Amino acid sequence: MKKIAIIGGGASGLMAALTAARAGSDVTMYEHNSGVGKKILASGNGRCNIINTTVSYEDYAGADPQFVTYALKQLGFSYFEKFCHSIGLLLDIKEDGRCYPLSNEAKSVLIAFKSAVSDAGVRICTETIVSAISKKDTQFIVETDNNKMLYDKVLIATGSEAAPQLGATADGYIFAKRFGHEILPTYPSLVQLHLVSKNHHKMAGVKTTAEVTLIIDGKSKEKIQGDILFAAYGISGLAILDISQKASYALHTKQRVSIALNLLPRYDRATLTNMIEKLFSSVPKHDVHTALCGLIPAKIATYLLEDAAISLSSTVSSLSPKEIKKLTHLIGEWKFEVSDTHGFKHAEVSGGGVSTAHINNKTMESTLIEGLYFAGEVLDIVGRRGGYNFNFAWASGMIAGKEMAKK
Ligand SMILES: Cc1cc2nc3c(=O)[nH]c(=O)nc-3n(C[C@H](O)[C@H](O)[C@H](O)COP(=O)(O)OP(=O)(O)OC[C@H]3O[C@@H](n4cnc5c(N)ncnc54)[C@H](O)[C@@H]3O)c2cc1C
């Protein structure tokens with residue numbers, strides 16, 4: 001019977017352990033937290049967006065996003081749904097393709113996995129940090145604080161550095177590097193952004209819907225509509241998380257990053273101009289701040305006027321056509337420079353990681369070291385928001401588990 005060590009008890013490790021143990025292997029899982037699956041519990045605001053019904057390599061970033069294609073095909077949605085039934089987990093499929101446990105509680109996912117891996121006979125060593133992995137002849141030596149154990153195969157499923165408060169480490173990169181694997185620089189993703197402006201912190205707590213345009217080195221790269229929320233450090237909200245991978249990568253590669261907010265995206269510029277002119281002509285005696293509050297949140301109106309260099313107390317009728325044009329322009333395209341991300345502590349995931357160039361995407365085995373496997377976020381693959389990160393973790397974990405048990 002093959003002796004397999006799985007380093008990391010997260011999504012990919014649990015799936016690999018279960019798959020390998022069900023196929024008859026002797027599986028030991030090492031997890032340095034007090035329990036497995038901490039990120040599963042924290043995911044999707046405690047609801048766990050477990051997968052998406054539609055997925056392709058275009059939902060991922062990395063040096064070679066197409067690396068994911070084979071794994072995603074092996075674990076198509078209906079296969080995954082059947083698998084979930086096999087561990088006693090029912091899914092709630094939303095109209096946009098996002099799936100959650102029917103209980104609406106991430107805990108259900110973890111309970112189902114824990115009971116399935118225990119039934120399959122996986123040995124789980126929690127509060128056990130793996131400090132080194134080496135290979136002598138055909139055997140791997142896995143070192144923990146007080147032990148050295150021998151295995152035929154090892155899976156590195158240690159995840160990324162994102163959310164260190166949940167136990168995330170960079171250990172997987174260190175292990176991989178020692179075996180000669182290339183590590184592509186890591187950067188936070190699905191993360192809030194820091195802004196450089198004199199006013200964003202004064203709008204902290206203000207939430208609205210906007211279209212966010214990501215601008216890199218002066219060129220518009222992506223447009224996303226959704227919630228934005230000003231904060232003391234800068235800006236957050238779903239639309240910001242959605243542009244954050246490209247923004248973070250650009251910052252990381254020393255490109256200039258800014259965002260433009262369209263506060264009323266449902267109107268084109270001509271309609272917006274028309275609306276503002278009509279609004280202003282119906283309340284000519286109002287001060288401009290009061291008038292703008294009919295269109296956009298009051299606090300935003302205050303600082304938008306400041307950026308337009310228009311006094312809040314100016315009466316609407318006293319505004320020049322140039323000032324009205326400036327206001328219309330800012331409502332449709334209010335620019336902020338982005339200086340940084342809010343960091344790994346606040347990021348859901350990480351870009352970069354173990355280069356996929358030396359991993360066989362049909363087996364998840366290293367092409368440099370026989371018997372060494374990788375799965376999940378430790379690899380240079382990062383998904384969009386919407387269940388895609390778990391999607392790849394389950395898919396790559398399943399392939400690794402199957403292959404490790406096979407040979
Ligand atoms: C707050 C939050 C919300 C999220 N929500 C979603 C969501 O709704 N949908 C989605 O698709 N994705 C979501 N994600 C991302 C998703 O959780 C990860 O992509 C996924 O967990 C990656 O799985 P993994 O197995 O690769 O790594 P992880 O789940 O991070 O597991 C790695 C494990 O390895 C352990 N470990 C690390 N080093 C060692 C060591 N040396 N020895 C022993 N153990 C070690 C860690 O403690 C950890 O338990 C969210 C992430 C966060 C932080």
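Reader: In which strand does S220 have its place?

Author: The structure shown above is a predicted model, and the place of S220 within it can be given by the strand that holds this residue. That strand covers residues 219-230, and its name is β15.

Reader: Leaving aside neighbours within four places in sequence, with which residues is S220 in contact, and how far in space is S220 from A260?

Author: Once the neighbours within four places in sequence are left aside, S220 is in contact with T213 and I215. As for A260, this residue and S220 are 40 residues apart in sequence, while their separation in space, C-alpha to C-alpha, is 9.3 Å.

Reader: Which residue of β17 is the bridge partner of I215?

Author: Strand β14, residues 207-216, pairs with β17 in the antiparallel sense, and six bridges make up that pairing. Within β17, the residue that bridges to I215 is S258.

Reader: Which residues of β18 stand opposite V257 and I259?

Author: β17 and strand β18, residues 334-341, pair in the antiparallel sense over five bridges. In β18, V257 stands opposite V338, and the bridge partner of I259 is F336.

Reader: Which residue in β18 is the bridge partner of H194?

Author: Strand β18 also pairs with β13, residues 193-196, in the antiparallel sense, and that pairing runs over four bridges. In β18, the partner that bridges to H194 is D340.

Reader: How is the chain divided into domains, and how far apart are the centres of domain 1 and domain 2?

Author: The division of the chain gives domain 1, which takes in 3-188 + 349-406, and domain 2, which takes in 192-342. Taken over C-alpha atoms, the centres of domain 1 and domain 2 are separated by 40 Å.

Reader: Which strand gives the most to the side of domain 1 that touches domain 2?

Author: Contact between the two domains involves seven residues of domain 1 and seven residues of domain 2. On the side of domain 1, the greatest share comes from a strand that covers residues 183-189 and gives three residues, namely β12.

Reader: Which residues touch the most other members of the largest nonpolar core, and which helix gives the most to this core?

Author: The largest nonpolar core holds 119 residues, and those that touch the most other members are I6, A17, V154, L155 and W394. The core draws at least three residues from each of domain 1 and domain 2. Among the elements that contribute to this core, the helix that gives the most, with 11 residues, covers residues 388-406 and is α12.

Reader: Leaving aside neighbours within four places in sequence, with which residues is I6 in contact?

Author: I6 is one of the core residues that touch the most other members. With its neighbours within four places in sequence left aside, I6 is in contact with G13, A16, A17, V27, M29, L155 and A157.

Reader: Which residues are closest to the ligand, and which helix gives the most to the shell around the ligand?

Author: The ligand is surrounded by 40 residues, of which the closest are G8, G10, G44, G159 and G376. At least two residues of the shell come from each of α1, α2 and α12. The helix that gives the most, with four residues, is α12.

Methods:
Residues are numbered from 1 along each chain as its sequence is written. This is a predicted model: local features need pLDDT of at least 70, side-chain atom pairs count only at pLDDT 80 or more; totals for chains, interfaces and linings use all residues. A nonpolar core is a set of buried Ala, Val, Leu, Ile, Met, Phe, Trp, Tyr and Cys residues joined through C-beta atoms within 7 Å. A residue is buried if 20 or more other C-beta atoms lie within 10 Å of its own, exposed if 12 or fewer, and partly exposed in between; C-beta atoms are placed from the backbone. Domain bounds come from an automatic or database domain assignment. Two strands pair if DSSP finds at least two bridges between them. A residue is near a molecule or strand if its C-beta atom, placed from the backbone, lies within 6 Å of it.
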